[in-house]
Amino acid sequence: MPQRAILDHEFIDWTKSSFQLLENGLNGSARLPFHGVRKAAVAQFAKLGLPTTRDEEWKYTNVLPIFKNQFALANQEPVVAKNAIDAFGFEGLRDKMIVLVNGRFSKELSTLAIDDSTVKVGSLSDAIARGEKAVQEHLSRYADFNSEPFVALNTAFTLDGTFIHIPDDISMPHPIHLCHIVVAEDAAAAIASPRTLMVVGKNSQVHLIESYHTLEESAHLTNAVTEVVLEQGATVEHIKMQLESKSAYHIAASTVHQAEKSCFSSVNIDLGGAIVRNNLNVVLNGENAESHLYGFFRTTGSQLIDNHTFIDHAVPNCESNELYKGILDDSSKGVFNGKVLVRQDAQKTNAFQESKCLLLTDDAVMYAKPQLEIFADDVKCSHGATVGQLDEDAQFYLRSRGIGEEKANSILRHAFASDIFERIEVAEVRDMLESLVFEHFND
Amino acid sequence: MSDAAMKELPKSDYDDKFGSQEQQETIERITKSEYKWGWTTDIEMETAPKGLNEEIIHFISQKKNEPAFMLEWRLKAFRHWQKMEEPRWPNVQYNNIDYQNAYYYAAPKKQKQLKSLDEVDPKLRETFDKLGISITEQKRLTGVAVDAVMDSVSVATTFKAELAKHGIIFCSFSEAVQNHPELVKKYIGSVVPYTDNFYAALNSAVFSDGSFCYIPKGVRCPMELSTYFRINAANTGQFERTLIVAEEGAYVSYLEGCTAPMRDENQLHAAVVEIVAHKGAEVKYSTVQNWYPGDAEGKGGIYNFVTKRGICLDDNAKISWTQVETGSAVTWKYPSVILKGDNTVGEFYSVALTNNFQQADTGTKMIHLGKNTRSTIISKGISAGKSQNSYRGLVRVGKNAENARNFSQCDSLLIGDRCGAHTFPYLEVHNKSAKIEHEATTSKVGEDQIFYCNQRGISTEDAIGIIVNGYCKEVFKELPMEFAVEAQKLLAISLEGSVG
């Protein structure tokens, strides 16, 4: 495919020249060891190139239309009015916000103040500059830029982001809300590369909310990478909400590394974006660890939302649970690829996975690939996938009680989605999402 | 990173987790049983020179006295094949195949034109007798018509006259090319075109024989039709081609069995099966595949790379695949159904058992194109020893396939802790009225179940046999009776020594 080669080469050339620009602007920080990682990542990206639908992992998601746009690295310091952010906060959590504009930590807009001096929440670039121990130990260790082109791209352009370190035995009394905003100022589409590193110490507990928004309707690419490390006995709830504009492109990779007895729960909500790809990789690397992954997406128009999850049971006696649901309207496309790997000797593993989707029109398409790879015998693993319509019996039940067709369908869709929303532990987020999605159903 | 973190379990712990010493020993004994069909027959063979080129294809075509269209088709396929790359996406590993270092034509040397079955070389008959396939009249008792294929050449077909009374054509592919060229020309490559994949192209270029079956309109085939394949000669590839055409309202049940001698080197088997079901026709295709799987160290064995596909051309047709896969070193096979007509039905029932170093990547494709089409997939994978067993399946619902319905269930059973079970289901749904369900589970033979049997005086080995057979019951019940018995026995033998 010659067209592919041109686009690919053009974009690789663009990354090289943009990287040069970035390097020139780094001043002193180019001497920090992390810059070596950036250099390796940009070289690796040039080697990997953009994935095509010939790659099994990208079979149903063609990213090339994204790169027909002219891109520019997002302006790192645009002016954003404080009241513009208000709409993105959650009722009751407006003073718990960390705001990132075009991937860069904004001190002015962030409202979170932490009393405990041992807990660190702040700019990633500051943490890199300080030579923070946890950063040196963990940054770029889990998100693999050797095989994932978009992780390589993010790593090459990681200038800033969020660093969260919660020491041992601390239960955070409130959630932390990371609010990502993209502001495009030039004619060229912006690329933002937000990076998040969160390290949660032994027996500590935290709820992390990541939300992604577009300030003004524009085509832009958010290429996010999040690394979460759970030490022994840590408990983390990670809620990721992608609410960008319908012309935005969003590619995100979250990598979670779990030690013994840790418990990770993830809720992944996608409502916005033109082409969206989420990669969620969880490694259960200590015995008796637990993972719960939930996801919901709702697509209209010609949106494409692709969720890839990968759970790696590396040691015995761990448990994982997964439930992803989607509602597809118009000519939108949905992709679910859930992979569970149970390694040799990871005995007594329990792994359950389910994917359920509703197709509302004949033009909507759903591709599902629930995949199990099992190398140990004493395990209980199952997966299920369904694609279909609303339950006719339930529809009949409601309609026979005088509820109109539209209303009945709306109630049933709401019930379908509630299955996921119920899992959200942070009440403020749950309420807001419910009303947001319910609004959608009433359209 | 994670590999380093993986801990070896201490031995005593291991015993606790994986059953008693005795249980493990029984497993070991069962998995180490030997292949019982591993002998060769010393029959004079006629082979073409080694290697693959246009000359060989001319040679094969000439040898078979084929009409020009066949030669042309073969050459087209060969030229296309040269441009193709060997697929590497299946979840299996094997050494590269040297396509130039094999014989593409090996046939038992014919003394003279055979007039009746009695004239078949007694050695050949002995071979098939040993296999339990008596080509001769014994089969009248069981009422199965057999077409036996040895090293790609069909050697005998029984019951031809009886079938001819009903207008059924059941003969070797070469005979069909001679006697019914119009049918062959019409249907060959219509379901699996030579451009389909690497091995289908190779087969199209060099296939030397196979079976052909044609059931005319409204005829219900009075007996089971059966083909038996055997690879005998060393260094040969077996490339047979089966074509089944069922006209409007016809019905046929077709069986296929395969064995091969034990050899240290790997042999390639790349077959193509095409089924065409017209309006209201029903074709049931059952396979018991028991090619030589290689020895306990993984040496030798057959590479079984097969393309099987059926098409329900018109309304209300039905195609059903049932397979019991216990042999072959590497299996790569996806019997598929294209549901083109309205109200058509596709079924796939499979038991795939791998032991020692066997690898299987098998499953099905159900392509829903017509309205109210239905498909069922039941796949039971059993892995023992150090084997890898994968299910790979595709269910696609086209845009116009209103009210398509699919139910898939793929279960895996693991026996031992050094084997793997994998599932790669693909669901592609383009129509909102579709109802697609997929379920998969993976587990091991329950210790409580074994305990229950032990308590009642059933040895662990027998208990495993009972449990595994029970697990496969859903598939076995789809097999014709004689085959079901054979399949159960085969399963017991393949599992011998693997209990846990």
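**Exercise 1.** Which residues in H12(B) meet which residues in H13(B)? Describe also how these two helices are placed relative to each other.

*Solution.* The model is a predicted one, and the two helices to be located in it are H12, residues 447-455 of chain B, and H13, residues 460-471 of chain B. On the side of H12(B), the residues that take part are B:Gln449, B:Ile450, B:Cys453 and B:Asn454, and they meet B:Thr460, B:Ala463, B:Ile466 and B:Ile467 in H13(B). Sorted by class, the residues of this contact comprise 5 nonpolar and 3 polar, with no charged residue.

The next step is the geometry. Two packed helices are described by the angle between their axes and by the distance between the axes. Here the angle is about 125° and the axes lie 9 Å apart. Angles over 145 degrees would count as roughly antiparallel and those from 65 to 115 as roughly perpendicular, so H12(B) and H13(B) are oblique to each other. Their crossing is right-handed.

**Exercise 2.** How many residues of chain A are in contact with chain B, and which element of chain A gives the most to that side?

*Solution.* The contact involves 39 residues of chain A and 39 residues of chain B. Two elements of chain A each give two or more residues to its side, namely strand S20 (365-374) and strand S21 (380-388), and of these S20(A) gives the most, with 10 residues. By class, this side of chain A has 19 nonpolar, 11 polar and 9 charged residues.

**Exercise 3.** Which strand of chain B is joined to S21(A)?

*Solution.* The partner is strand S24 (residues 435-444) of chain B, which runs antiparallel to S21(A) and is joined to it by 7 bridges.

Methods:
Residues are numbered from 1 along each chain as its sequence is written. Chains are lettered from A and ligands numbered from 1 in the order in which they are written. This is a predicted model: local features need pLDDT of at least 70, side-chain atom pairs count only at pLDDT 80 or more; totals for chains, interfaces and linings use all residues. Axes are lines fitted to C-alpha atoms, for helices over the stretch in contact, and angles run from 0 to 180 degrees between N-to-C directions. Helices (H or I, at least four residues) and strands (E, at least two) are DSSP runs, numbered from the N terminus. Angles under 35 degrees count as roughly parallel, over 145 as roughly antiparallel, 65 to 115 as roughly perpendicular and the rest as oblique. A crossing is left-handed if the near helix is turned anticlockwise from the far one by less than a right angle, and right-handed if clockwise. Two residues are in contact if their C-beta atoms, placed from the backbone, lie within 7 Å. Ala, Val, Leu, Ile, Met, Phe, Trp, Tyr, Cys and Pro count as nonpolar, Asp, Glu, Lys and Arg as charged, and the others, Gly among them, as polar. Two strands pair if DSSP finds at least two bridges between them.
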